Amino acid sequence: MASAADVVGKITVTGTVPAEKDLPLDPKCGELHKGAKPTTTFYVVGPNKELADVFVHITKGLEGKKFDAPAGNVVLDQVGCIYVPYVTGARTGQNIEVRTSDPVLHNVHPTPAVAGNKEYNKAQMPKGQPLMFTWDKPEVFLKFKCDVHPWMFAYVGLVDHPFFAVTGKDGTFTIKNLPDGKYTIDAYHRKAGKPVSKEIEVKGGRVTVNFEIPAA
Amino acid sequence: MPVVNQSQKLHGFVVVTALATLGLIGLGGLVTSHQAGMAVPDWPTTYGYNMFFFPFSGWVGGIFYEHTHRLYAAFIGLLTSIMAGWIWWRHTESKTRWAGMLTILMLVMALGHRGSGKAIREADAAVATNSVAVASAPAAQDISPVNVAEGESPASGGAKGIPFHFKVLAFVMPVLLVFALVQSYRSRAALHWLALTAFFAVIFQGLLGGLRVALYKDEVGIFHATLAQLFLLLLSIIALMTSRWWEQAKSSPLAPGRKLLLASGIACVAVILQLILGASMRHQHAGLAVPDFPLAHGQVWPATDEASLAKYNGHSSRMDTRDFNPITAAQVHLHMAHRAGALIIWVGLITLAIAYVRSLGWRSPFTRAAVIWALLINSQAVVGALTVWTNKAADIATLHVVLGAATLIYGSLMTFCGFRCRMVSGRVEVLAAANGRTQSANAEAMIASQ
């Protein structure tokens, strides 16, 4: 009987992490932060160099396998003229629901680069209805942006299987129920250059794989 | 009080239109510099509104630049329509006059028409919903949600939102534009055909701007930016041809000869090509593909292998709130081609100015004009360098676009003035030759009679 394993791990950053920049919020967006000055969040790093917002996914070893249709929507929200979360993952064919909690106008402009994934640009009124998007081709990363507020971005790792995760603030990730076999696993940080790959073998139980990603 | 006649009024109007168009190019530069080209997803509407009635409270962030650009462009369209009608009326007669005026009028009405009855009713309903919401909305929420189903947007990009007759016009206008250009050529640059060319060009330009938004095509943006420069050039030529100077131009020994004019013409073409390269850079987002100057990624010509590109993408200049896409080899080559073009033009215009000084001396106004042209290109080079050094600050990058257009217009007008002087002197020679033949024939007749 075939077994499966959880793949867990921690990602840390090496080298000097560049300083973040203050977001050039306009007055209306600035009011929503009540005096706070938000910055870019390219490198969210913990006290021991744990790196958040890294998209971890299986890139080889799943060829020819079919998976159940994805359930539920992946949600992106716009809060204080910032996309939350900044990085997330989704399946091909899965609904990506873009909400807005802001009392200001946004345009939701996903800009896929893979042929066959369609570009959209939709208005979203203040506290307007959520917008739904779906794509059929894998793409890591698919960028969402708002052209009204040029500092607003979100990145979605879009893959055609359920074996992916995004690291949290503690740098850890868990990919559940990966069937036995040999795989290539990639850790991709949006700003740190090319993905870092590792080979793993799953034979039931639990597999631990840690990554070190050099800051660009 | 000096009397201003119709010709002077017309000339003044064309000059104002051309200057206003230079302003529009600046606004277009601000749109791309602020990466706001897609801030209004729908076209020809603005967030579902008739663009002329979009609430002022919504003019924020990127919308401010894009919406202002659209409104100002409509104003330039109006000025150009008036100019074309004015010139056509003055320079044609009988059936031709009425056919041209009717064409202008019908096209203006077609652009003002908002589509089928159903489309209008739907648009009105959306505006009415918005207007009620706007009137009752709290201050922080000036623009309120339209009643739309979940997952739907009140306004989206895409070809679906474009009225059918706009799509037809997008195919018809290039044909009309080429037709008018051919007629301009065949009529030896008759003013009324040039004016009609400008009219067709401004409509096509507006449609291109809309299609760039609706179809998500950067390539259309490059064409839009290029046509903007050529449209301004055409308006400037019309302004020159409606001037008193053009009418009263005299042959002068201080005017440039054939070789100088040819060199000036080649320089103008080079500037146009450079502007196309610049437009490609802006619309392919290659402006910061090379973040240093005078070196390029620390080299004379940067390597574009995979390892080098990875290094460039890790450069601290990429840590920006604009979150640029990764640099590609094509972007680096495009950027470097623009720099190489700049160097060639810079050397070329300085050499040309020296040639004018040597050939015509400082007394010639053409020499002084050529020197000013060289100074302009120097300023443009400095602003180009500043664009890189300031990490493409929006105001500096926009100034670079405007100065580029000014460099083209200035040099082109100088060259056309030179051609005009030469043309007039050619006519004088022909007349002199004709007079000479007449006198000689009279003398022979007198001898014969004796």
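Helices (H or I, at least four residues) and strands (E, at least two) are DSSP runs, numbered from the N terminus. Keep that in mind as you look around this predicted model, where local features need pLDDT of at least 70, side-chain atom pairs count only at pLDDT 80 or more, and totals for chains, interfaces and linings use all residues. Residues are numbered from 1 along each chain as its sequence is written, chains are lettered from A and ligands numbered from 1 in the order in which they are written, and side-chain values use heavy atoms, with hydrogens and water left out.

**First stop: chain B**

Select chain B and colour it by secondary structure. How many helices and strands are there in chain B? You will find 13 helices and zero strands. Of its 450 residues, 47% are buried (under 20% relative accessible area; exposed means over 50% and partly exposed in between, with a 1.4 Å probe and protein chains only). Taking contacts (heavy atoms within 4.5 Å) with a separation of 6 or more, 75% in chain B join residues 24 or more positions apart.

**Second stop: a patch on chain B**

Now pick Phe164(B), Val168(B), Phe171(B) and Val172(B). Together they form a nonpolar surface patch with about 440 Å² of accessible area. Patch residues have over 30% relative accessible area and no salt bridge; like charges are joined within 9 Å, nonpolar side chains (Val, Leu, Ile, Met, Phe, Trp, Tyr) within 5 Å. A salt bridge is a side-chain nitrogen of Lys or Arg within 4 Å of a carboxyl oxygen of Asp or Glu. Zoom in on Val172(B), which sits in helix α5 (residues 164-186) of chain B. Val172(B) is partly exposed, at 33% relative accessible area.

Move to chain A, where five strands make an open, mixed sheet in the order β5-β11-β10-β7-β8. Its edge strands, each pairing on one side only, are β5 (87-91) and β8 (122-124) of chain A. Two strands pair if DSSP finds at least two bridges between them. Strand β7 (residues 106-111) of chain A runs antiparallel to β8(A), with three bridges. Select His106(A) to see Gln124(A) of β8(A) opposite.

Terms used. Accessible areas come from the Shrake-Rupley method with a 1.4 Å probe; for residues, only the protein chains shown count as cover.
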